[in-house]
Amino acid sequence: MILAAKALPAIAGKLAALAEPWNKLFSHSKPVSAGVLFLHIAPLIIGGSVAFAADLATLRAHRAGQAEREAQLIALSTTHRLVLFGRSLSVVSGIGLFRSDVETVWAAICGWINSLLGLRLLSNGYITTHT
């Protein structure tokens, strides 16, 4: 079912009303807003760095012998769990950021693209760890 364009602002208004207590806490508490922002950005930086280093090690292992490739596969299992944990933290904190200003984020196409790409990365990590 495709929602009519007139229904979308009503949905955003209802979501904003539901998120109002969180919005007030987030807006009036510097530690809460800083903590949520930290939990959104730090895992991206740390997880991205770990993933980049793992990719580099995988490329190096490809040129090495069979024993090093097998060791790299074992190391990738641990690495992907760490990266997935970081992505999960970013998604949860992203929900907190969305709830802090629902109407603004709802109307921004960049916010939707960011959310969809973030969920795509999370689902890709889940698939990678379970195959």
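**Exercise 1.** In this predicted model, find which residues of H2 meet which residues of H3, and classify the contact by residue class.

*Solution.* Step 1: on the H2 side, the residues are Trp22, Leu25, Phe26 and His28; they meet Lys30, Val32, Ser33 and Val36 in H3. Step 2: sorted by class, the contact of H2 with H3 holds five nonpolar, two polar and one charged residues.

**Exercise 2.** Determine how helix H2 and helix H3 are oriented to each other.

*Solution.* Step 1: H2 covers residues 20-28 and H3 covers residues 30-63. Step 2: the two pack at an angle of about 100 degrees, and their axes are 5 Å apart. Step 3: angles of 65 to 115 degrees count as roughly perpendicular, so H2 is roughly perpendicular to H3.

**Exercise 3.** Locate the buried residues of H6 and describe how they are arranged around its axis.

*Solution.* Step 1: Gly111, Gly118, Leu122 and Gly125 are the buried residues of H6. Step 2: viewed down the axis of H6, the buried residues fall within an arc of 60 degrees, so they line one face of the helix. Step 3: these buried residues pack against helix H4 (66-100). Step 4: the face of H6 turned away from the buried side carries exposed Ile109, Leu116 and Leu117.

How values were computed
Residues numbered from 1 in each chain as written. Predicted model: local features only at pLDDT ≥ 70, side-chain atom pairs only at ≥ 80, totals over all residues. Heavy atoms only, no water. Axes fitted to C-alpha atoms, helices over the stretch in contact; angles between N-to-C directions. Helix = DSSP H or I, 4+ residues; strand = E, 2+ residues; numbered from the N terminus. Parallel < 35°, antiparallel > 145°, perpendicular 65-115°, else oblique. Contact = heavy atoms within 4.5 Å. Nonpolar A, V, L, I, M, F, W, Y, C, P; charged D, E, K, R; others polar. Buried < 20%, exposed > 50% of the residue type's maximum accessible area, 1.4 Å probe, protein only. Arc of directions from axis to C-beta.
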